[in-house]
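Here is a short briefing on helix packing and aromatic pairs. Please have the viewer open as you read.

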Amino acid sequence: MPDNDSSGVGGGPGDPYSRVEYRRLIAWGDRIRREGPWLLALLDGAPERSVVDLGPGTGEHTAFFADQGARAVGVDASESMVEAAREHEAAGLGRFVLGDIRNADAVLVDEPPFGMAVCLGNVVPHLTGEDDLESLSRAVARILLPGGRFLIQLLNYDRILSQGIRHLPLNFRPGEAEEEIVFLRLMKPASDGRVLFFPTTLSLDPTSDEPVAVSGSKRVELRAWTAEDLTTSLEGAGFTVDLRGDMMGGAFHPESSNDVVVLATRKTSKGPA
Ligand SMILES: C[S@@+](CC[C@H](N)C(=O)[O-])C[C@H]1O[C@@H](n2cnc3c(N)ncnc32)[C@H](O)[C@@H]1O
């Protein structure tokens, strides 16, 4: 989502992801292998084998669900991400729509309701406004079937802020020849429950006189939504909420879990959404 544009939709110079090769920065094969079994168990327990992926980035989760035979649609506000994700669409794996997840119901007005919604990989903290979380919760309640599941994964900001954590673990990816790409993610707490996040790509070439160079860096303002914020918002939109601590369905421990994983279920009776 653009750093300085609250609309959240767009591309070009205002689109921070146009400068990030997101697909290359994540070890997608390992990640899907790790997360896949629990994601599939959740899909199997959903009222229908259909998934909307909210903020899919380059679309690997959407493609995974499509590959399992589910109707899978991704909604992302970044033109460059949607363009990259459409490589999966061209291969018959899912469909991708440019749009803002806060209005997912309006964006997907022509789609039948879904059995499951996912919003993975710290997308929700990009929603920085007071009402944004509520808009998202209500929009998702409207596009899910009764009993439909909504899975959200984000960093455990309670732990990050209370323990003064200033960075995420380094990621190393192979580059050209001797070069390695290093993904450095620094954070700085800001006021009003916000965190400044500085995703930075370094290139490490042990054969060069200056072995480490910054190949890209940006500043993103995130909202440090807590497990309690998410629970309150989702319950208000007609969901029941179960908290987990990782994408394998493990228990949530507020002081030690790296992530907050929210497994919400849309109540079968009509909620206040
Ligand atoms: C860190 S990437 C996460 C990608 C992926 N879901 C994952 O698990 O790795 C965040 C994505 O959220 C998208 N995003 C942020 N705010 C959004 C909004 N309001 N509406 C739609 N997409 C949004 C960005 O464009 C970006 O593609």
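Helices (H or I, at least four residues) and strands (E, at least two) are DSSP runs, numbered from the N terminus. This is a predicted model, where local features need pLDDT of at least 70, side-chain atom pairs count only at pLDDT 80 or more, and totals for chains, interfaces and linings use all residues. Residues are numbered from 1 along each chain as its sequence is written, and side-chain values use heavy atoms, with hydrogens and water left out.

**Helix H3 and what follows**
- Just after H3, Gly-69 has a positive phi of about 90°.
- Of the 8 residues in H3, 7 are buried (under 20% relative accessible area, with a 1.4 Å probe and protein chains only).
- Among the buried residues of H3 are His-61, Phe-64 and Phe-65.

**H2 against H3**
- H2 (residues 28–45) packs on H3 (residues 60–67) at an angle of about 55°, with the axes 11 Å apart; axes are lines fitted to C-alpha atoms over the stretch in contact, and angles run from 0 to 180 degrees between N-to-C directions.
- That makes H2 oblique to H3, a word for angles that are not under 35 degrees (roughly parallel), over 145 (roughly antiparallel) or 65 to 115 (roughly perpendicular).
- In contact (heavy atoms within 4.5 Å), H2 residues including Trp-28, Arg-31 and Leu-43 meet Glu-60, His-61, Phe-64 and Phe-65 in H3.

**Aromatic pairs**
- The whole structure holds 2 aromatic pairs (ring centres within 6.5 Å, using the six-membered ring for Trp).
- Phe-150 and Phe-239 form a tilted pair, 6.0 Å centre to centre with 50° between the planes; planes under 30 degrees apart count as stacked, over 60 as edge-to-face and the rest as tilted.
- This pair joins strand S5 (residues 144–155) to strand S11 (residues 239–244), with its two residues 89 residues apart.
- Both Phe-150 and Phe-239 are buried.

Notes:
Buried means under 20% relative accessible area, exposed over 50%, partly exposed in between (1.4 Å probe, protein chains only).
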